[in-house]
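Visitor: I am new to this structure. Could you take me on a close look at the place where the ligand sits?

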Amino acid sequence: MALSKNRNRSYRCLIHMYRLRRSVLFVPGNNQKMVEKASRLRPDVVLIDCEDSVPEGEKEKARESLRSALTTHTWSSREVGVRVNAPDTPYFDEDLRVAVASGFELIAVPKVEGPEEVRLVERTLNELTRGKQLPSPKLLVMIETAKGVTFVDQILASSSLITAVEFGAEDFALSMGIFDIDRPETTLLYAKSRIAAAAHAFGIDPIDQVFLDLRNTEGLRLSALSAKNLGFVGKLVIHPDQIDVVNRAFSPSEREINWARRIVEAWEEHGKEGRGAFRLDDRMIDLVHVRMAERILDAERSARTS
Ligand code: COA
Ligand code: MG
């Protein structure tokens, strides 16, 4: 009986809601119409882009969107951030200044290759927010070169502001001399696994690469599921049609939810008999499976109430 009580307690203690980052929608910042549209869509995160989707001559136009986006549109519970230009570009300082002054809670930093860049961003953020009533934003670092992948541990350890890490496959392929535009998922397996493992080691959310084939819904679904099986919690999306597919792929399936409920129930039952390992559907189940089931039920709850 005591054992069963403990089991109950450990399960309830673990129930928590966490911030979902299943779909992270990129919106070119110089396109006001798309920024407005993004506020009516249902991705978990929106990133207004000032970097590569905005041509040189339009950088100021993208900053105009930053100044108005949070006050003009309603974003409800969505996390809204900005992708600034990289720290070594002439746009970085002003992008960051406008993003912070406008109240964004998340800053995506592209092409991060070492911890010193993160420290520079952190220092600049401290200067911008010191003595002002401005929230200090969290960081999403983008690892998209061979160097970034090699130094991912040091990068992720360099600042407690880092809350998410994204794998930028296109730039990574360029840095590796991989030019096969239809490259299979397996080509990038090492880099992706490396980033996902490092992210979890530091309690950071790993977000998977974009999927460029806009009409290939099944390909997108499989790509998302394969990333999920590497440990990614979400995926970048670039078009409204990709949002639901990705949100679904990164939410527990009916099958997973049913499995999880049965495991928790069976664990309670077997606990009364003092058993820590038992047979269910001819498979051995023990504590680790109960922990997995709890995580699935937490994720289901968060997805249902998002
Ligand atoms: N965010 C918000 N709205 C978007 C959007 C996005 N990323 N992409 C498309 N839309 C909107 C369009 O404005 C259009 O709205 P409307 O029907 O109300 O007029 C609708 O969705 C359909 O768009 P569509 O005509 O199919 O898009 P397109 O063919 O003109 O453009 C892309 C395709 C890929 C160029 C475009 O989706 C895009 O720019 N995506 C973001 C790219 C990006 O940010 N890249 C950087 C990171 S990799
Ligand atoms: Mg890139």
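Guide: With 4 residues, β1 gives the most to the shell around ligand 1. Along with β1 (23-28), α2 (32-38) gives two or more residues to that shell; helices (H or I, at least four residues) and strands (E, at least two) are DSSP runs, numbered from the N terminus. This is a predicted model, where local features need pLDDT of at least 70, side-chain atom pairs count only at pLDDT 80 or more, and totals for chains, interfaces and linings use all residues. Residues are numbered from 1 along each chain as its sequence is written, chains are lettered from A and ligands numbered from 1 in the order in which they are written, and side-chain values use heavy atoms, leaving out hydrogens and water.

Among the 15 residues around ligand 1, those that come nearest are F26, K33, K37, I238 and H239; a residue is near if one of its heavy atoms lies within 4 Å. By class, the shell has 9 nonpolar, 2 polar and 4 charged residues. Here Ala, Val, Leu, Ile, Met, Phe, Trp, Tyr, Cys and Pro count as nonpolar, Asp, Glu, Lys and Arg as charged, and the others, Gly among them, as polar.

Now for the polar contacts, which are pairs of N or O atoms within 3.5 Å. A side-chain N or O atom of K37 is 3.1 Å from an oxygen atom of ligand 1. I238 uses a backbone N or O atom, 2.8 Å from a nitrogen atom of the ligand, while a polar side-chain atom of H239 lies 2.7 Å from a ligand oxygen atom.

Note on methods. Polar contact = N/O pair within 3.5 Å; in protein donor to acceptor, adjacent residues only side chain to side chain.
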